[in-house]
Amino acid sequence: MGVIDIKRNEVPIRENRLGAVTGYVGTIGDLNDRATGCGVENRERCFTQASACSSGCCQNQLGSIADALVVNHAPVGCAADSVGGNVNFKSGARLRGLEYTNVRIISSNLEERDTVFGATEKLRDTILQAYERYKPKAIFVTASCVSGIIGEDIQSVLNELKGELDIPLVPAFCEGFKTKVWASGFDAAFHAVLFGIVEPPRFEAKTNKVNFVNFRGSARKEIINTFSKLGVEPVFLLQHSTVEEIRRISESRATVSICGTLGSYLGNALEQYYNVPYVKTEQPHGITGYKNWLRSLGTLLDAEDAVEAHIAAEEARIAPELEEIRAKLKGKTAVIGMGPSFGHNFTRVLRELGVEVLWAATWHFDQNYDHGEVPESTKRLAEADESLQVSVGDQQNYEIVNLLGKLKPDIYVTRHGGSSVWATKMGIASYMVTDEYAAFGFNGILNFGNVIIDKLTNRSLARKLAERIKLPYTDWWIEQDSFSLLQAEGN
Amino acid sequence: MTTQIIDQVRHVCTLGGLQSVLAIERAIPVLHAGPGCGQKLWGAIGLQNGGQGSGYAGGHTVPCTNATERDVVFGAVDKLEEVIENTFKVIDADFFAVLTGCTSDIVGDDVESVVRGFQKQGKPIVWAETGGFKGSNFIGHELVLDAIFGQYLQPAAEKITGLVNIWAVVPFQDPFWTGVYADLAGLLRSIGLTPNVIFGPGGGVTALNLVPAAQYNLLISPWVGLKGVQQLEEKFGTPFLHYPVLPIGPTETGKFLRAVAEFADLDRSVVEAFIKEREEHYYHFIERAAEVLLETRFLPRHFTTVTDSTYGLALAKFLVSDLGLIPDRLYVVDGIPEHLQGEVRDLFKDLGEGIGAEVTFTPDGGAVQEELRATKFRSRPLILGSSWERTLAKELNGFVLSVSMPVSDRLVFDRSYVGYTGGLRLVEDIYSAILADFQ
């Protein structure tokens, strides 16, 4: 039995649950050894730049459920990310050919007097107004720094409303100050779903569904196709899924995730509570990752033969083009700056393409996932090249800019907004992976390789911009060691 | 009391004032706030609002203490002091403003004494308590100005004749702000004044330091920034002209220029000559476009605005006075404090041609859309709002142009709708949207 507890309304943050850290510098070998052994101790910084918080990850996941609604119990600024969330939501709708709608994230608009007198009445009223306006199938209430500090009893408000509204009313605890790991907000969202929406399976037999945790789902058609060969259908979560679909994910045959950071909590929880196995291999980026992932899924589904046939055909199909790409990328160097799952997976993908990864920076690192193991992508990377240099920081641009200046890679491959631009300003080609399926499987690796080639072929924007702009850092800082403001462990 | 909920945000919170600091070249905010505040706020009023990215030192470059649980339990003034000290070492900037978030303001960190310490060392740094629960970023903008005026600016040895400080739209919140300030400056220059523009490229600390030396302050805004020019009058004895209408198109721009000329006692012949020349330029194009304006299929006759008060008023005045359209449902969504609503409401009573309009004040965009859905429009409505309105316009079979935050569907550089050229830009944008709609 695992340690996830979906009967409580709140999930512990990643620092406490997964030994997540946001400050480390060393090698992948050391990181893996220590994560496997006595653990990595987080290193603090004496200078920090604005990062991101768990509430963003949480409410944009929940707000993307098609027929649910989020009430953000917070001052208006905490709902500001609904604007970007809406753009993402529409891009997902576009990918799926759905009618455009706006995300429904509604602020209870906490004001100064509420910090003194409390605002549970306001929360209650906001929920009722929001329900009246949209008649959603579920309402999630996301907490905030203010609601957390003033001690708002969100659960009691929801309990009292249960008689009035006949839909699930579910709290999601994602106060920004509680964690440095914004991905804790994914857990808060999935925990809310597990706590308030997902029901135990109605039948002993599983359905032919496989839960697929992802973001916008650009590879939807390809996945539906491939999965049909294995006799199953994907249920894409959470964006654009419905409350009813989510209610039944306990009946699926397996859970997979495009991102270990995103999906491991939900996957492990469904395995622990409802016996829905979670595929724990590397993520399906590039060839090795995809093969290991699909084979693991194939074994769970008793579809090994179909998997092997698919792999053999696909591998043969892409071999010539892959060789061409490798030839063009030979001798090229890259630095990675991504979340830990994407970062360690994409390092492997770049190596598959023959690109030398000089450094892999990740925005945090989970020393273990909820099944108690070091992430598989990290383990495999350590096996492949234990000397690979890695660092962990919550998107501290000053470190990244300093590092890029010293390493001068051909390309900086990143994920999360506001990072790639700095490489470009330094004259370095950059690629921000906005699509989670950018390197998915056999098609993905070809697309990904071709994008890298394009980025390297014409660097005019980067070169000319770099000639004309001044970086916002002092000469003093640029000359320091990149991690000199990272304090010693235990400080 | 019914809770004023906010669905579909059209502004952010007080801490959004951080973008007003970034609008001053080589000035940088230092946030004493939660880890996600910065990203959420600039995401909304920056990146997703005309594509205004991090620029020189915004976005994830902004120093922040990234409040933790420990900080909200034990306070975090030491951490703030350390981050500020290292900001001076690491970041290459000319001016710094420490802005607090909800966490610090509720816990009660003594930020003032930390910043006072650096001020005593001669550092160009100020602080403002901008915890998000205090209100909107329009208020945040005012708090930032208050801090800069009160803590940083020093009296000038002498006033410079003809120098005018321009205070208008809230930077970033208005995606056209850079063009607005530049175009207002251009108008003033054309009638013989020397504009001093603090926000935008080329201003910076040099322009900021000139503020006390100006002969006048000019505030172009229905309500935001009034406290600031009053403060400057009190502190430096600088008289101000409060002109509530952002001038778009020939009618309002002419009125504006004449009002400024009268206030500053300028040579009327210069002003009239300029007005005549620019009106001729404007009408050259309007004459040329008359077929499009009159004979295009599916032309709207009425317009609806869902904007802040500055644009609500400016757009309505232009469309009524110069384009012959009729207002139908004007929503003002900048969360104007109740005691100021009456004055702003009165401004909408005279839009020109004897036409006035009732306005609805609400920060709740969802409520606005609900009302518009229930409205019977006689012709295809023209909705000038935000990118939230794109789906609504489709439902209502209307035309839509995003002009007010969030403008996530447009990239905006240095264009604005101000003045004569600005009026032409707006006509181009509106009628391009109409022409593109059915082709």
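Buried area is the accessible area (1.4 Å probe) that two parts lose on being put together, summed over both. These legends describe a predicted model, where local features need pLDDT of at least 70, side-chain atom pairs count only at pLDDT 80 or more, and totals for chains, interfaces and linings use all residues. Residues are numbered from 1 along each chain as its sequence is written, chains are lettered from A and ligands numbered from 1 in the order in which they are written, and side-chain values use heavy atoms, with hydrogens and water left out.

View 1. Put together, chain A and chain B bury about 5,300 Å², and carbon and sulfur atoms give 60% of that. On the chain A side, A:Ala50, A:Arg133 and A:Phe177 lose the most area to chain B, together 12% of what that side buries. Counting contacts (heavy atoms within 4.5 Å), 73 residues of chain A touch 63 residues of chain B.

View 2. Helix α4 (residues 81-96) of chain A gives the most to the side of chain A that touches chain B, with seven residues. Helices here are DSSP runs (H or I, at least four residues) and so are strands (E, at least two), numbered from the N terminus.

**View 3. A:Ser64 in its loop.** You'll find A:Ser64 in the loop between α3 (54-63) and β2 (68-72) of chain A. Its relative accessible area is 3%, so A:Ser64 is buried; that word means under 20%, while exposed means over 50% and partly exposed is in between (1.4 Å probe, protein chains only). A polar atom of the A:Ser64 side chain lies 2.7 Å from the backbone oxygen of A:Gln61. Leaving aside neighbours within four places in sequence, A:Ser64 is in contact with A:Phe89, A:Leu238, A:Gln239, A:His240 and A:Ser241.

**View 4. Helix α17 of chain A.** This helix (residues 397-407) is mostly covered, with eight of its 11 residues buried. Among the buried ones are A:Tyr398, A:Ile400, A:Val401 and A:Leu404. The buried residues pack against β9 (333-338), β10 (356-362), β12 (411-414), α18 (420-425) and α21 (475-479) of chain A, and also against α4 (77-90) of chain B.

**View 5. Helix α16 of chain A.** In this helix (residues 376-384), the buried residues are A:Glu376, A:Ser377, A:Thr378, A:Leu381 and A:Ala382. They pack against α2 (28-36) and α15 (340-352) of chain A.

**View 6. B:Ala23 in chain B.** B:Ala23 sits in the loop between α1 (18-22) and β2 (27-32) of chain B. At 3% relative accessibility, B:Ala23 counts as buried. Not counting residues up to four places away in sequence, B:Ala23 touches B:Pro171, B:Phe172, B:Trp177, B:Ile198, B:Phe199 and B:Gly200. From B:Ala23 to B:Ser269 is 246 residues in sequence and 35 Å in space, C-alpha to C-alpha.

Notes:
Polar contact = N/O pair within 3.5 Å; in protein donor to acceptor, adjacent residues only side chain to side chain.
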